[in-house]
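Here is a short report on one structure. It covers annotated repeats, a sheet, salt bridges and a surface patch.

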Amino acid sequence: MAPALNIDAIPLDIDLTDDAALDEFLDFGDIEEQYAVHVADQFDTILVIDGVPVVDEGKKEKLFTVIRKQFGKEGVHVKDQPHGFMMPMDAATGKSKGFVFVDFATPADADKALKHLQYFKFDKSHTFFLNKFADVEKYAAVPDQWDEERALGKAPEYVERGFLRDWLLDAGARDQIAVFNKTAVSVMWGNKANGPDVIHERENWTEGYIAWSPRGSYLASVHRMGIALWGGAAMDRLMRFHHPGVRFLDFSPKESYLVTFSPEPLPMPTNPAQPWGPESAGHHVIIWDIRTGHILRSFALTAEEIATKNVPWPLFKWSFDEAYFARIVGNAKLAVYEAPGMGLLDKKSIPIPGITEFEWMPYTPDEDEAAAKDGGKKKQQQNKRVQAPPYTIAYFVPQTGPDQPAQLALMSLPNKQVYRSKQVFFGLSAKIHFQSQGDYLLFKVDRTNRSGKASFVSLEVFRLREKDYPADSVEVKEIMVAFGWEPHGNRFAMITTSDVVSADLDLKAVLAGAPGKMTTHIYQVEAAVEKKGASVVPGGVKLVKAMDRKAVNALYWSPKGRYIVFAGLRNLQGVLEFYDVDATAGEANTATVTTSVNGKTVTSTKEVDPVQLLAATEHHGSSDVAWDPTGRYVMSSVTMWAKGMDNGVMLFDVRGTMLYKHSREQLKQALWRPRPPTLLPKHKQAKVRKNIKQYARDFEIEDATASSALSAAELEERRRLFDAWIQFRSRALLAIEAEDEIVTVLDN
Amino acid sequence: MRPIVCQGHTRPLTRVRYNRDGDLMFSAGKDAKFNVWSSATGELIGSYDGHTGVVWDIDVDANTTRTMSGSADSSARLWDARSGKCLYTWTTASPVRSVAFTPEADLALIVTDKKMGQPCTAIIVEIKDNVADIPEAPLNIFLPEPELTPATIARWGPEHTIYMGHENGTVSCWDAMSGERIASKKIHSGVVTDLQFSEDGTYFITSSKDMSAKILDLKLHVIKNFQTERPVNSACICPVKEHVILGGGQDASQVTTTTAKVGKFESRFYHKILQQEFGRVRGHFGPINTVAVHPDGTSFTSGGEEGLIRLHHFDPDYFRFKLDPRDP
């Protein structure tokens, strides 16, 4: 590297052949740095030990022998005399100064001593403090004055990140889809008709896969060296997170933190491009601050997780507002951390022996305050609903012995109080499902009977909006294939099968038996009703409808509730069944039917089935189904992981009408961009819903103009194609005629 | 459109063709058979027996007096169309891939495969009314240049030109008399599987394993592109309507693992000018290896890997159907 030469600083009259004069104006700092002798390399066997007894010359050798012996017991070897010890003596008193330089046999010995013999109790009144010789120099050289720029480098210039929610401003309120196929990633508008509009398309945008953040602000791309986040109107790169070999990523619910996992342990940092400190070496998980790109904390895996290579992901579960995050450690403890401090809550994990599952409650405060601010005081609910503590964790401990049944519990934080629990006999494992608003909680408990021979599932449903959080239990004798709460609703759906094989999604077994051996169920949770002056009508769980013999294995609720899609993915031929589970919404669920019997007109009332099939369609071989975040469209996709060909997506509306099919070779991912929760308070949303017809009219007009403009463009394109063809034909025919003429001339 | 299923081959079909009058339909298969059928009824009229290997290609002269076939038994044969008698046999050094008469049937083209250590060759032979007059020595032999071999399909163009499709997706044009290459161009990204001329010979359609078929003019400009999601094994141009028919499906090698639905063993109808697909004809349960359309456009025939020929007579609806008001 050439020395930096500041030409302007050289006086004009300088003699350029005079090296000494020139040297003054040349900065050799970088060269000196490059070839500097690193002291640490030379003295890495030497430690300075403080706290050594003060002795005189006579006892010096004896002291050395004792230290050597003591250290030897700890497995640390000091170099043989005369080099092993060097103790400076005070010339005035003839005594030592209380510290000694110790030269160890090998650098490894020195490291070992530093690790194990720090605060070594030499005797009752002497404790050793060990420091690397090189460190003493290093820390002595720290300037007394704090120079921020020198220490941290120049603060990077502020760069405008742009408006991260730009896509929400789309006039047509369209949603975006990110598609990853072959090597390219494209972000496009999910139009209603005529296929998607590509907004951004980049080759090699990601090396692994892509992911949206939970509120849609960022698109994450996974690379060998870490994660990159993209966003804003131009989809610029906003931040990079250097984590070698990163495999998984997880965002916190409000997009403040990013958790990354790499199967490679972090190496000892050797250059400033590696943003972690030496304390992170060997760790696998990093929590980042998304805004600054700084590491907040890194985590090691437990020995068991490393040994079994089985890391649950996401490793941490976040509370609704990202104030806490938690994980289970070794089926014995629940480690709850606080953000952004990243420390353990009360500095210790919560011991819950045997814990296997836990889940945070989604907390949604009632909007009374918001409504009150908007002058809607009158609307305040008269019978205010019960609200469970905001930081609630539901957890499950399986049966441990004959007299220790499985435990389902609700614990509030940060006071760690279990405020509701229930015991279930012979519960072996469980899955915990909260309804989206935290109104209901369901434990799906796998149980056996007393003899342990027959196994079944029990659904333990807690109503968290009622006094004392009443619980109900529903037994399911079949195998559960899929489950889901209706978002914002009080229903849940599930798919069960009596056939063990078809639970493994085996096509042959399903085809051999019947068109489908799956049963779909819709249940409804009803609240207890308190009638004035009368007894309380107890609430409970009620089966709304069960439908047999379906070839489906997955269910997808609309994010707004009410509509559900049952899908037969992968081997099940791609059946898609669209249901409205509340077809009688707002009306009495009986209808008057007038029939004519023997000439007489008979009027009877008939109960109308609230669960109505809207459409049964299929997307052959589809492997993924996803609702758009507004619940207007359903996208099904065939990815290359599931099927080698016919890769692409199909878009359906809520009624199951196919809007378009879009083919993409080697499709790997197709993801809707999530939306942040609406900022409109509930009563304003209700107002919009009330006047929906008025809004709809505007959109219908827009749609109509769009479609007529489109057909005009299409007609133009057709005209062009026909004209081009006619031209091509006439040229070809002219050529033939010309040739014929030549032939005629020649013949004559 | 109820198809007539013609059963006469025991192995995959390689080629189906109509004669110029359209009353007969000819078929060849991997079972070494070369059959002739009534195109109206699907009745098997007879066969041209003699080949001992896969019959890869066949042709009929304009007057339906003679037929010709090329086979993997390393021979091309000339037949009497009416009696089925073998009139003449050309023996080649490697399997014959393509055979074709000129419109006047005074010359024929025989293209051999690059196999058994032999190069791919194009052989131009003379045909005489009296078989005894056919000279033993061919009129011309040339090798399509090494980078263009092997040729998978070859057809006569106007003025003694030859158009060939190649394994690497190239389409080339040759002067039959001099053996000179007039033009060549990489058109497809996969094997060219078929090449069929329009009625007036001013343009042609190629099909390819790259899942597309393309219409090219005589100077090898791509005029139209028809994209599908399965390999296309054959394509033909309808003479009356502005349609093209594409036949194909998932590769034979994977067929045992797929159902007919997934394999998409369908004849697809595209609008020739708008390049839009407007219809499919299902029925085969193996990939379609070859399609041909009646010279009057009244029927089309497809031959499948499963050994069946399906002969479809169009309904009146088909002729009334217009995708665009400008359609004939």
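The model is predicted. Residues 185–219 of chain B are 57% strand and 0% helix, and the end C-alpha atoms lie 10 Å apart. Residues 281–311 of chain B are 55% strand and 0% helix, with end C-alpha atoms 11 Å apart.

**A sheet in chain B**

Four strands of chain B form an open sheet in the order S14-S15-S16-S17, with antiparallel pairing. Strands S14 (151–156) and S17 (181–186) of chain B are at the edges; each has a single partner strand, so one side of each has no neighbour in the sheet. On average, neighbouring strands of this sheet are turned by 15 degrees against each other, direction ignored. Strand S15 (residues 161–166) and strand S16 (residues 170–175) of chain B run antiparallel and are joined by 5 bridges. B:Tyr163 stands opposite B:Cys173 in S16 of chain B.

**Salt bridges**

Over all chains, the count comes to 52 salt bridges. Three of them are tabulated here.

| Pair | Closest N and O atoms |
|---|---|
| B:Arg268 and B:Glu229 | 3.5 Å |
| B:Asp324 and B:Arg326 | 2.8 Å |

A:Glu460 is buried, at 2% relative accessibility.

B:Arg268 forms a salt bridge with B:Glu229. B:Arg268 lies in strand S24 (residues 267–271) of chain B, while B:Glu229 is in the loop between strands S21 (222–227) and S22 (232–237) of chain B, so the pair ties together parts 39 residues apart in sequence. B:Arg268 is buried at 4% relative accessibility. B:Glu229 is partly exposed at 23%. Both residues belong to a network of salt bridges, whose members include A:Asp646, B:Lys264 and B:Glu277.

In the remaining tabulated pair, B:Asp324 is buried at 1% relative accessibility, and B:Arg326 is partly exposed at 38%.

**A nonpolar patch on chain A**

Which residues make the nonpolar surface patch of about 410 Å²? They are A:Leu680, A:Val688, A:Ile692, A:Tyr695 and A:Phe699. Helix H13 (residues 692–747) of chain A gives the largest share, 3 residues. A:Phe699 is in helix H13 of chain A. A:Phe699 counts as partly exposed because its relative accessibility is 37%.

Technical notes. Residues are numbered from 1 along each chain as its sequence is written. Chains are lettered from A and ligands numbered from 1 in the order in which they are written. This is a predicted model: local features need pLDDT of at least 70, side-chain atom pairs count only at pLDDT 80 or more; totals for chains, interfaces and linings use all residues. Side-chain values use heavy atoms; hydrogens and water are left out. Helices (H or I, at least four residues) and strands (E, at least two) are DSSP runs, numbered from the N terminus. Patches are made of residues with over 30% relative accessible area and no salt bridge: like charges are joined within 9 Å, nonpolar side chains (Val, Leu, Ile, Met, Phe, Trp, Tyr) within 5 Å. Accessible areas come from the Shrake-Rupley method with a 1.4 Å probe; for residues, only the protein chains shown count as cover. A salt bridge is a side-chain nitrogen of Lys or Arg within 4 Å of a carboxyl oxygen of Asp or Glu. Buried means under 20% relative accessible area, exposed over 50%, partly exposed in between (1.4 Å probe, protein chains only). Two strands pair if DSSP finds at least two bridges between them. Axes are lines fitted to C-alpha atoms, for helices over the stretch in contact, and angles run from 0 to 180 degrees between N-to-C directions.
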